[in-house]
Amino acid sequence: MRFTSALFALAAATLSLASDPSDCSTTSKEKTGSDFKLTEQADNANVASLSKIFTAAGKKVSVADVFNDGNHQMTTDSSGRKLWQHTSDFNDEDTTKWVPQGITSTADALDAGTYEGINGWIVSWHRDDDKSVRITFVNRADDGYRHALLVYPHASDNFREVPVHAGGIMWYGNTLWVLDTYNGIRVFDLTNIWQVGDGNGVGKVSSGVYSAAGYKYVIPQIRWYKWSSSFEFRHSYMALDRTTTPDSLIVGEYQTSTSLPIRLVRYELDYTTRRLKTDSSGVSKAIWAYCVNIERMQGAVSANGKFYLSRSNGASKGDLWAWVPGGSAKQNAGFYPRSPEDLSYDKRNGGRLYTVTEAEGVRYIINSAVSSPSSWAGISLLSLGFVALLYVVEKLFFVQPLPKGVPFIREPPGATRFSLKTRWAYMTDCANLHKEAYEKYLEKGQAVVVPGVGFRKELILPPSSYKWINSYDDNQLSACHAFADYDQIIHSLGNDIYLLDPWQGTTVKNELNPSLDNLMDALNDEVGVAFDTYLGTAPGEWVEVNIFEVMKKVIAQANSRFTIGLPLCRNQEYLQTSLELNEQFITSAGTGLASPGVLRPFTTRLAAIPLRLNLRKLRNLVRPIYEQRLEYLKRPRTDPDPNEPRDHFQIMLGYAQRERQHELGDLMNITTRLATANFGSMHQSAFLMTNLILNILGSEKEFNTVSVLREELERVANSDGNPDTWTKAKMAKIVRGDSVQRETLRLHSFGGRALLRKALTDGIITDTGIEIPKGCIFSVLSYAVQTSESKYEQANKFDPFRFSRVREQKQQQQNQQVGNKEGGAAGPPLTFVSTSMDYLAFSNGRHACPGRFLIDFEIKMAMAYLLGNYDLELPAEYKGERPPTVWMTEAQFPPKEARMRVRRREKV
Ligand code: HEM
């Protein structure tokens, strides 16, 4: 008997567990929908009385009025994401006071997709203390936007803030639904939007006078669906589903652990009243509830029977999941940037998903296409099949020449290919992979093969082979052919003459450099004009700027002064096009390299379409100058016009007239050469300038870098009584500034390799006895050497005066042999421009960068102007530390979002 009752009790307990709406550990994940209840509360009568007050005062406005009254502006980045306004006087992008949470759109509001003729989004933001909510009307016609405040009418003539988190919102007809985490849903009345006056308070100021914390419009709460089940439900996000009959509403929970219930529930809506369907007691019971065991879900929508779920992953990128109830969810990992939140669906344009991301600095509205889970699976399978096919074709027809017997990093002896693990390490942690290659093989004088972009394998020779490399001429070991292979311009531009016969580069070395002295004044002038343009000239106010954006423009303008001169060097369209071309050269080369050889001609050509279009644009911009410049060439070269410019463009035209006459009349050819020269001169220089500023500011705390540099730059500038004029002799006296430049490139140069060469003949044997087959490309590692502890003490630390200390000491002990690791009296010169096997940022030997002398002067002029005329500091939230560079495979990029605060100094 006792045994039977025990069994019975157990069965009863199991039964009750199975129906427990809060138990998600059960085998069946479906829960009883009717257990999830929301009870409609009486409408707020104060809305009507307040409405009368505002109507009488002529202060009641429509939804379209607010959308059309935008006072801020979203911008669009290159990935199509919308960014909140971040200007010197306004910052939604990383304010900590308000955090974006929910999103809905006019496509939720009405099936037609527009509301009062507007196509727009509404976004909710909770205040940092969760005691107030603002919502944003974004007009998609021009991306203008305006915030408004949600209010709760607590008296017939007054209202106050709404203290909720607003994790999800939904726009349905003339109502806006906002989640109140543990209390249910609040509904706001979009037929009652009231205009209020200025003032910090929220509510009535005096009879007929209202304010709302500075916001111009308020929207009152009209209704409340109160959570009325006995267990807790966390209302974290919501979305409308118009594809069910009747329309329905999805609400879901966010939890950081699946040990707590994570449920989605669906309620039915009545489209005639824009309310939840309720029974006669006003209770709305969910028609479906389900446990979805995905942690950190931040948003959910359903459409046509499929769910899309967003998930945040702390500081990492967010995921998008697709799921059909009954099946398993498919993860599209890293689909979103960091911290995606609520989701909203729009059936237009093939189905769109909208989300907002909340993390400061990476706050976007993201509008992406919907793809179904089945098609993801299908696409993945198809892609796998395709990749397998390509692999076979690649293996059979595209063999990359490599010498035999050279070890493959992290692979067993005798390996001839890389495991996925090593390829993954190349993609995600290349700095350490190269470091290992250096320490295990190269430093000991042995060659090694490391992974490269796409399917490539890269032969790396030890640094000790550099003399041997430089002993060969270009007919046997060619730098140009190696670059042409990497840059893929045969596919992107249809012609690799620009790299195989790169006379636009040789003219830098042979003709531009010898006339450096004559360029100094113009260069200095342009540096000043550029900083004045992009950072302003009015003393006093601190402003915050994006460092890379400013430096890119300053470098483009200053370099264009010596490349093509006035007026084009100040033509914003010319500068912008040149900068875009720089990015496009990289994109098309990267696409080509990452594609298997069989596909390369197609993928590169396709990726280069924007590049070609922009080249045409550049050609049109250059045409008038080109025609003027050709006129000068009509004069005999023995008797040139004294006014003939001596910039790089004119030097190029003169060279073409003398040596490549068939190219001179081909403007497209000359334009492409100019764009290639611009790439060489601008791209890495802008990176250097950005990292330099970040390093100066980031080392300020420990080294007082700004004042040390200011003192030196001012002292040297004044040393000949002409502070506004720079000469080579004065430049040579800038030792500490030079050290900061060199230290920046040591740690933060763009590429990790140097001395790239391609073997054009068979039978070449290295100094260590390796037989290099024809067609093989090899190089040496630069970053790994430059950050090796055996070469530099505290190698990974930015020490601004690392080199000037040695130089200054050397100066003091002139005749004494000091000799130390970092090149004392016995070591190589330690200036920014002097190359050695310990410092390969400009490569070394006959193909070392010829532009380094010019850029050296330009960066020094830029430092002198910037530090002399502006106060600079990192934003407080960086806590004195520079944001790190970003690695993509073997390339190092400056942090493109990094900002600094700038204030023009008062003239003394
Ligand atoms: C910080 C700025 C710069 C850096 C870090 C840099 C770096 C380099 C490197 C590493 C190479 C050699 C590639 C190799 O053989 O491995 C190179 C080549 C070259 N650079 Fe620069 N460069 C910079 C600025 C400039 C400027 C301003 C110009 C033009 C005024 C320029 C023109 C060239 C040319 C023409 C070559 C090809 C040299 C040859 O193959 O003989 N560079 N640069």
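Pro-567 lies in the loop between α14 and α15 (572–594). Helices (H or I, at least four residues) and strands (E, at least two) are DSSP runs, numbered from the N terminus. A cis peptide bond joins Leu-566 and Pro-567, with omega about 0 degrees. This is a predicted model: local features need pLDDT of at least 70, side-chain atom pairs count only at pLDDT 80 or more, and totals for chains, interfaces and linings use all residues. Residues are numbered from 1 along each chain as its sequence is written, and side-chain values use heavy atoms, with hydrogens and water left out.

Now follow helix α14 itself. It spans residues 547–563. Its axis and that of helix α20 (residues 667–698) come within 8 Å and cross at roughly 140 degrees. Axes are lines fitted to C-alpha atoms, for helices over the stretch in contact, and angles run from 0 to 180 degrees between N-to-C directions. α14 and α20 are therefore oblique to each other. Angles under 35 degrees count as roughly parallel, over 145 as roughly antiparallel, 65 to 115 as roughly perpendicular and the rest as oblique. α14 passes α20 in a right-handed crossing; a crossing is right-handed if the near helix is turned clockwise from the far one by less than a right angle, and left-handed if anticlockwise. On the α14 side, the residues that meet α20 include Phe-548, Met-551, Ile-555 and Asn-559. Their counterparts in α20 include Leu-674, Met-682, Phe-687 and Ile-693. Contact here means heavy atoms within 4.5 Å. By class, this contact has twelve nonpolar, seven polar and one charged residues. Ala, Val, Leu, Ile, Met, Phe, Trp, Tyr, Cys and Pro count as nonpolar, Asp, Glu, Lys and Arg as charged, and the others, Gly among them, as polar.

α14 also packs on α27. Their axes come within 12 Å and cross at roughly 130 degrees. That makes α14 oblique to α27. The crossing is right-handed. Met-551, Ile-555, Ala-558, Asn-559 and Phe-562 in α14 meet Leu-854, Ile-855, Glu-858, Ile-859 and Leu-866 in α27. This contact has eight nonpolar, one polar and one charged residues.

The SG atom of Cys-849 is the single protein donor to the iron atom of the ligand, 2.3 Å away. Donors are N, O and S atoms within 2.8 Å of the metal (3.2 Å for Na, K and Ca); water is not among the atoms, so sites may look incomplete.

Three of them form an open antiparallel sheet in the order β37-β45-β42. Two strands pair if DSSP finds at least two bridges between them. β37 (542–546) and β42 (870–873) stand at the edges, each with a single partner strand, so one side of each is left without a neighbour in the sheet. β37 and β45 (residues 899–904) pair over five bridges. Trp-542 has Arg-903 in β45 as its bridge partner. α14 lies across β37 and β45, at about 80 degrees to β37.

A second open sheet has four strands, in the order β27-β28-β29-β30, with antiparallel pairing. Its edge strands are β27 (297–303) and β30 (330–338). The twist averages 20 degrees from one strand to the next. Six bridges join β28 (residues 306–313) to β29 (residues 316–323). Arg-311 has Asp-319 in β29 as its bridge partner.
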